[in-house]
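Grab a pencil and work through a few exercises on the model shown here.

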Amino acid sequence: MKGIDLNLTEYLQRRRRVVDEALRRWIPGEKEFPSQVHQAMHYSLFAGGKRLRPILTLAAAEAVGGRIRDALPLACSFELIHTYSLIHDDLPSMDDDDLRRGKPTSHKVFGEAVAILAGDALLTEAFHLAARPDLMKQVPPRRRIQALWHLARAAGSLGMVGGQTVDILTQGKPVDADTLEYIHPHKTGALIAASVAVGAVIGGATASQYKKLLAGGKKLGLAFQIIDALLDEEGEEENLGKAVRKDQSKGKATYPGLY
């Protein structure tokens, strides 16, 4: 693929630095009023994430001959949405987790109210960033609209939120393969697939390139969720930075549980 270093570890590290620098440059500073919500946003956003989704956006843009700088705002938007989802996921009303990436979860540090508002702010900031004219002026309007459509659909009730809803409502209940096949591609897979699709769109992919990258993104999203479920079964808390063996105790629908 054009422009992509085949040394994967080095590539991931380099692109992660690019994403982190952009996030710090574009997101409101911790001291900006009201400082507590901005501190909570920064606390979760810079807690040590892998930046998988934004890196996939950049890689897809590169793969079709696009420019990193054109895809970077949308790439960062995916990380903002992902982080908001983690903050809300950890709340007592959801998964009730005390640890995330080896640190106390947002609501444990800032309280539930500020944690919820920080998540809301990150979600909203994602679309503010993706729509900024000064950052996206080099991208043709049609590509920008298509990219925003992917971002919004993947994050909403027909994507991540929908998958999370079914995941919660089926806890402790028998789940068949069809239900499981809905939960994972939506709860986790939708945002990962969209991150690849958006990179392809911004990079100017042909119809064939777009189709292939989107299909690959969907498979990667499903694989990611299966691995996450396996790590919950077999991993160790000190290595993963979060509680383990919670899926089974809560009766969650997972591939290890069903198959």
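**Exercise 1.** Decide whether Tyr 43 is buried or exposed.

*Solution.* Start with the cut-off: buried means under 20% relative accessible area. Tyr 43 has 18% relative accessibility, so it counts as buried. Keep in mind that this is a predicted model.

**Exercise 2.** Find out how many aromatic pairs the whole structure has, and describe the one with Tyr 43.

*Solution.* Step one: searching the whole structure turns up two aromatic pairs. Step two: Tyr 43 pairs with Phe 110, with 5.5 Å centre to centre and 75° between the planes. Planes over 60 degrees apart count as edge-to-face, and that is the label this pair gets. Tyr 43 sits in helix α2 (residues 35–45) and Phe 110 in helix α5 (residues 106–110), so the pair ties together parts 67 residues apart in sequence. Step four: check the partner's cover. Phe 110 comes out at 16% relative accessibility, so it counts as buried.

**Exercise 3.** Now take Tyr 255 and Tyr 259: what kind of aromatic pair do they form?

*Solution.* Their rings are 5.3 Å apart, centre to centre, with 40° between the planes. That makes the pair tilted. Next, look at accessibility for each partner. Tyr 255 has 13%, so it counts as buried. Tyr 259 has 61%, and exposed means over 50%, so Tyr 259 counts as exposed.

**Exercise 4.** List the buried residues of helix α9, then say what covers them.

*Solution.* Helix α9 spans residues 160–169. Its buried residues are Met 160, Gly 162, Gly 163, Gln 164 and Asp 167. Their cover includes α4 (68–89), α8 (141–155), α10 (177–187) and α11 (189–202).

**Exercise 5.** Zoom out and work out why the radius of gyration of the protein chain agrees with that of a compact globule.

*Solution.* First, the inventory: the chain has 15 helices and two strands. Second, the comparison: for 259 residues, a compact globule would come out near 18 Å, and the chain has 18 Å, so the two agree. Third, the outline: the C-alpha atoms fill a box of roughly 50 × 45 × 35 Å along the principal axes.

**Exercise 6.** What share of the accessible surface belongs to carbon and sulfur atoms?

*Solution.* The accessible surface totals about 12700 Å². Carbon and sulfur atoms account for 57% of that surface.

Notes. Residues are numbered from 1 along each chain as its sequence is written. This is a predicted model: local features need pLDDT of at least 70, side-chain atom pairs count only at pLDDT 80 or more; totals for chains, interfaces and linings use all residues. Side-chain values use heavy atoms; hydrogens and water are left out. Helices (H or I, at least four residues) and strands (E, at least two) are DSSP runs, numbered from the N terminus. The radius of gyration is taken over C-alpha atoms; the globule rule is 2.2 Å times the number of residues to the power 0.38. Accessible areas come from the Shrake-Rupley method with a 1.4 Å probe; for residues, only the protein chains shown count as cover. Rings of Phe, Tyr and Trp (its six-membered ring) pair if their centres lie within 6.5 Å; planes under 30 degrees apart count as stacked, over 60 as edge-to-face and the rest as tilted. Buried means under 20% relative accessible area, exposed over 50%, partly exposed in between (1.4 Å probe, protein chains only). Contact means heavy atoms within 4.5 Å.
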